[in-house]
Amino acid sequence: MIETLIGIAGLVVLVIGVVGSVVPGLPGLALTILGVLTLGAHTGEWIGATVFLLLAGLGICVDWFAPLLFVKWGIASKDAGLGATIGLILGFVCGLALTCASTGVGLPLSVVMFFLFPFTGAFLTERHKGKTKTEAAKSGLVLCLGLVMTTGVKMVVATSALMWGVLVLALTT
């Protein structure tokens with residue numbers, strides 16, 4: 001009975017990890033690592049667990065260092081990164097509210113907001129710092145593309161780890 005609960009708990013943590021790879025402020029890949037460790041210890045399947053632990057670690061590095069590289073290369077300022085982060089949180093909250101309030105158009109518009117608000121936040125921050133419209137747009141676009149890239153990496157790693165967890169539990173129980 002307790003072994004079944006441990007397996008279910010590992011899968012629940014992996015599901016929350018998938019959600020956290022999109023939701024700002026929720027540590028998706030850290031939860032993925034926790035779920036993989038739980039299922040690896042529970043099932044004894046350490047080869048697959050090691051692969052996903054390495055992939056999650058790589059995903060965390062990409063998530064942390066991609067924005068820093070954009071700042072270092074002079075494409076965007078630190079303040080633009082902060083503006084994009086604030087825009088991301090606002091876009092997520094507004095998109096979630098729109099999705100809950102609407103039936104047909106809510107979800108597509110919330111996806112647009114998820115990417116438009118960070119661009120707008122970076123753009124307005126750079127304009128406030130005195131950059132031209134072209135420079136500010138470039139900064140916003142690069143930060144928005146970085147958001148798409150890091151979110152995509154996190155989603156692929158977290159979803160793959162979840163599929164691995166389901167498969168391992170199905171084969172070992």
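The largest pocket in this predicted model has a volume of about 890 Å³. A pocket here is an open set of points on a 1 Å grid over the protein atoms alone, where a 1.4 Å probe fits, with protein on both sides within 12 Å along at least five of seven lines. The volume is the space filled by probe spheres set on those points. Lining residues have an atom within 4 Å of a point. There are 34 of them, and the closest to the centre are Asp63, Pro67, Thr85, Leu88 and Lys154.

A word on ground rules. Residues are numbered from 1 along each chain as its sequence is written. Local features need pLDDT of at least 70, side-chain atom pairs count only at pLDDT 80 or more, totals for chains, interfaces and linings use all residues, and side-chain values use heavy atoms, with hydrogens and water left out.

Which helices supply at least two residues of that lining? They are H2 (28-43), H3 (46-72), H4 (78-101), H5 (106-128) and H6 (133-172). A helix is a DSSP run of H or I, at least four residues, numbered from the N terminus. H3 gives the most, with eight residues. By type, the lining has 21 nonpolar residues, ten polar and three charged. Asp, Glu, Lys and Arg count as charged; Ala, Val, Leu, Ile, Met, Phe, Trp, Tyr, Cys and Pro as nonpolar; the others, Gly among them, as polar.

Now H4. Its 24 residues should span 34 Å at 1.5 Å a residue, and its end C-alpha atoms are 34 Å apart, which agrees. The expected span is 1.5 Å times one less than the number of residues. The buried residues of H4 are Ala80, Gly83, Ala84, Gly87, Leu88, Gly91 and Gly95. Buried means under 20% relative accessible area, exposed over 50%, and partly exposed in between, with a 1.4 Å probe and protein chains only. An α-helix has 3.6 residues a turn, so residues three or four places apart point the same way.

Next, the core. The largest nonpolar core has nine residues, including Phe52 and Trp164. Such a core joins buried Ala, Val, Leu, Ile, Met, Phe, Trp, Tyr and Cys residues through side-chain atoms within 4.5 Å. H6 gives the largest share, four residues.

Last, cysteines. Cys144 is buried, at 11%, whereas Cys61 is partly exposed, at 37%.
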